[in-house]
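Here are a few friendly notes to read alongside the coordinates. I have set them out as numbered points so that you can check each one in your viewer.

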Amino acid sequence: MTPQSSFLIVATVRDGQLKNLRTLFASMNKIPGHADPDNELISFGRFDRLHVARFVIIEARTAHEIKEFGVTPRPWLPTLAFLGDIDGDVHTFLLELVEHAESGLKKIFSHCEGFSEEDQNLLEWMKANNINANANYVNWIGRTVRQIHEEAALHRSLSTYLQKVVDDDGRENVRALRQKLLSYVELEKYKGRLTLSPPEPTPREWKIRNLLHKIGIPLIILFLSPLLLVIAPFFALRLRMLERSEPELFIRPSRKHLAELTVQEDWDVTNQYSVFGDVKPGLFRLLTFKFILLLTDYFARHIYNRGFLARIKTIHFAHWVLMDNNHRVFFASNYDGSHESYMDDFINKVGWGLNLIFSNAVGYPTTRWIIKEGAHREHAFKYTQRRHQIPTEVWYKAYPGLTVVDLARNSRIRQGVEVRQSNDAEISEWLSLI
Amino acid sequence: MKKSSDFEFDDLQGLLRFGYGKLTDTCFMLLNIANVDLAKQWLNTVPINSAITKDPPPATAVQIAFSVEGLRALGLKESVVDGFSDEFIVGMAGDESRSRRLGDVGRNAPQRWKWGGNAAQVPHVLLLLYARKGNIEAWRKTVEGEHFSGAFLLLEELPTLYIGDIESFGFHDGISQPTIDWTQRQSTDIHERDSFSNLLAVGEMVLGYPNEYGQYTARPLIDPRKDKLATLLPNANNDPAWKDFGRNGTYLVLRHLGQDVAGFWQFLDKVSDHVPQKREQLAAAMLGRERNGTPLIAERIPGIPREDHWNDFTFDQDPNGNHCPLGAHIRRSNPRTGDLPPGVNGFISRLIKILGFGQRPDEDLVASSRFHRLLRRGRSYGPALAPEDAIKPDAPASERGLQFICLVANISRQFEFVQNAWTMNSKFNGVQEERDPLLGNREPLMSGEGTDHFNCPGQSGPMQKTSHLPQFVTTHGGGYFFMPGLRALKYISALPANGSDSHHDEDQEPDTKSYSQFSDSAATH
């Protein structure tokens, strides 16, 4: 199994370069916000281990909101973020990037502080500017871009062939149908028209680290549990105090801001989401935030790594990142469906989880006991998340047209090719997927 | 608990409560305001039907709704207009991103619409007249009165024609409708709505009341201390210091949809090898009901009256679409899902479901239906054409279709969501390469993947595929309107003559607000 990893390279945009940088990014796009996979600066399409990538210029459009808490907004300079999700380790991928897109990347990063186009070691600079997210979500750990493409091709091929077979022989004899399909796959593989690469061995180092993380975190929490138990009543008290006293901001996002965001949306079945805001002031909120993100990361890594995040089956990748010395938070995700349906999914299916995480951020609707209300205050929630959303200059997804549900189905189809079903009912179910 | 008779039905336009089905003849007019003063005079006298029950029921009815341009033309202050939702203010065709979401691309693109396709063409007023058979012309004369032609410019008289209880393709129509919970007896709490209920909070259809989230949808509120005229208006329930311009009003979504009836039946006939029975079966599978309205699901749910059994079912017992295909029209437009997937019977199983465990990979893909319901009030147009005649090569050609109307309190969460996430979505509920078999456009995805299939999952293995569906329904026009309560209508017709912001006395403080800008306003659960 090849585990996924992510990179997030951040650098301040040089004073006066914002407009040029935006123009440069626009030149990489085919349609608003969507990268041309073969664009001259970075031909994303040639990196066969890259799932999704984006360039975002992080601006603090909502920085003034923290004034409601009696806190002076911290200065924030527009910051370029280049993030992506890949198969395998970051170092190898960055090497590949340098090899195939050095001049393009240099051109882009030359708009940033501390980067000069001439005499810069690009690889070292990117590594130095790469930061770790506090929590990552991968829809299916181990599913590679290559596997996705191979399985999609398998599905297409089988779908066409099955239709032909059914037209000729009918759909009644499922065992005979399966046999025909399996022989067909073998033949296509032999002819080189289909490939089903076996998974690569899981890197040993990753395995060990993963296992240590898997048992380590619960052990630490167990070890600290007497302390946590003692803290609990004080935590609850303080939490309720804050929840009652913290200002709630109902500010409708402007139509101009909305138009800037929606022009990039709904061109395909998957959309991107980038959002940036302030962490609520005070140590209590920060520690709560960090602890919840730690748990989120743990659950995403060890439990929700097989196609669903609680009840959500539309997110490909997501990252939560604390920035500006823990004063600000950046969240980026890749989701299926329209923005409205993404938000409704959030509210109705995992409102509790969203509350847990984002109630620690400025502008989030008031929660009760950290999991209640919050996102269920529909208008307030929808306003705040749109208000804090920022446009994504360039976004790339290696498999347009495919949703998370498609990917899971294609994997099940492939599984059926490789592992024989034991009874007619299972064969029927497999055939019904195609 | 309130009695139904306590509700302010006298301030509601009747269409929110009645479909006026007995009034078979209709005249739907799109108007521009030609003379503001005359228009207001006319508005002041037009006998708009309220939602009060009458015995005998009325023999005629008139209802009215305004686009944002219409409200502006009548002098509604921009600060009041700003209290409306963005969808209403921008309009159905006012933004390409919205058109993309609604599937108004290709043949449906607003540039090709007969009306409403660009900002300059948005009609000001939608006037709906209803009368018994043969009486519509007389009723129209009565309603219009003397100064109508001076007050308004008739842009378009939308065709409508009564062809019985069916829509143009020949299916029994208008069966699935939410029942509005006028007495507010059903809880909207997320812990009490695990399974589907057809009963719907008033606030989902009428502004000024709690919606399915137990909250008040944003709408224009006016400070009566600043605007004396606003004393005409009802108080805002959640904030009595303010007057509620939206209360007892609703948004009206109108879509002028052309239906290619001959094309539909001829295609079905062809792919069914000209066997009438197979043709009917495929048609029923596409709709999810037989032509007489019988749903393809036999199962019933408790709590809904027997006589309403056509509407008395969910798809819980048919998760794979073996009886009613996943992509069938009625399953897309109202999936009848509850807040949780079926199978919750206690605290533990509830927790397991909430955390997302114990589910098949293709389960729980559809949102909870109660937040996405529409109150439909459309009328068909064009002469009836039976399938038996439609399949003949010399089928009488004629414009046929539907003036689709729905009433909602939140255009984006209700109409636009249903249209986008359910009807036009080629990935709805995990289906493959298909949009709504009746309503969908057939535009391919960016990746080139087709969307012109229709699949019937079968119990025995492979799906039954129908390929290369032509587009059967084309958008010819559309718009978002606001259908005010009767007191709000009085307010509109009493607005000062010389238009916007004239009596705005240079005050620094805003004299209006959109409800949700204020933090004290969230309803408690």
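**Notes on the predicted model**

1. Strand β7(A) runs antiparallel to strand β9 (residues 328-336) of chain A, and nine bridges join the two.

2. Next, the domains of chain A. The assignment gives domain 1 as 4-118 + 129-142 + 202-397, and domain 2 as 145-198 + 404-433. The C-alpha centres of these two domains of chain A are 37 Å apart.

3. How many residues of domain 1 of chain A are in contact with domain 2 of chain A? There are twelve, and they meet five residues of domain 2 of chain A. On the domain 1 side, β4 (50-58) and β8 (315-323) of chain A are the elements that give two or more residues. By class, this side has two nonpolar, five polar and five charged residues.

4. Now for the contact between the chains: 52 residues of chain A touch 46 residues of chain B. On the chain A side, at least two residues each come from α4 (145-169), α5 (174-190), α7 (255-262), α9 (339-358), α10 (378-388), α11 (404-418) and α12 (424-433) of chain A. Which helix gives the most to this side? It is α9(A), with five residues. The residues of chain A that touch chain B split into 20 nonpolar, 13 polar and 19 charged.

5. Finally, the nonpolar cores. The largest has 120 residues, and those with the most contacts inside it are B:Tyr251, B:Leu252, B:Val253, B:Val408 and B:Phe481. Strand β3 (residues 125-131) of chain B supplies the largest share of this core, seven residues. A second, separate core of 96 residues includes A:Met28, A:Val52, A:Leu105 and A:Tyr137.

6. Leaving out residues up to four places away in sequence, B:Val253 touches B:Ile405, B:Cys406, B:Val408, B:Ile411, B:Phe415 and B:Tyr480. Of these partners, B:Val408 is also listed among the residues with the most contacts inside the largest core.

Notes:
Residues are numbered from 1 along each chain as its sequence is written. Chains are lettered from A and ligands numbered from 1 in the order in which they are written. This is a predicted model: local features need pLDDT of at least 70, side-chain atom pairs count only at pLDDT 80 or more; totals for chains, interfaces and linings use all residues. Two residues are in contact if their C-beta atoms, placed from the backbone, lie within 7 Å. Helices (H or I, at least four residues) and strands (E, at least two) are DSSP runs, numbered from the N terminus. Ala, Val, Leu, Ile, Met, Phe, Trp, Tyr, Cys and Pro count as nonpolar, Asp, Glu, Lys and Arg as charged, and the others, Gly among them, as polar. Domain bounds come from an automatic or database domain assignment. A nonpolar core is a set of buried Ala, Val, Leu, Ile, Met, Phe, Trp, Tyr and Cys residues joined through C-beta atoms within 7 Å. A residue is buried if 20 or more other C-beta atoms lie within 10 Å of its own, exposed if 12 or fewer, and partly exposed in between; C-beta atoms are placed from the backbone. Two strands pair if DSSP finds at least two bridges between them.
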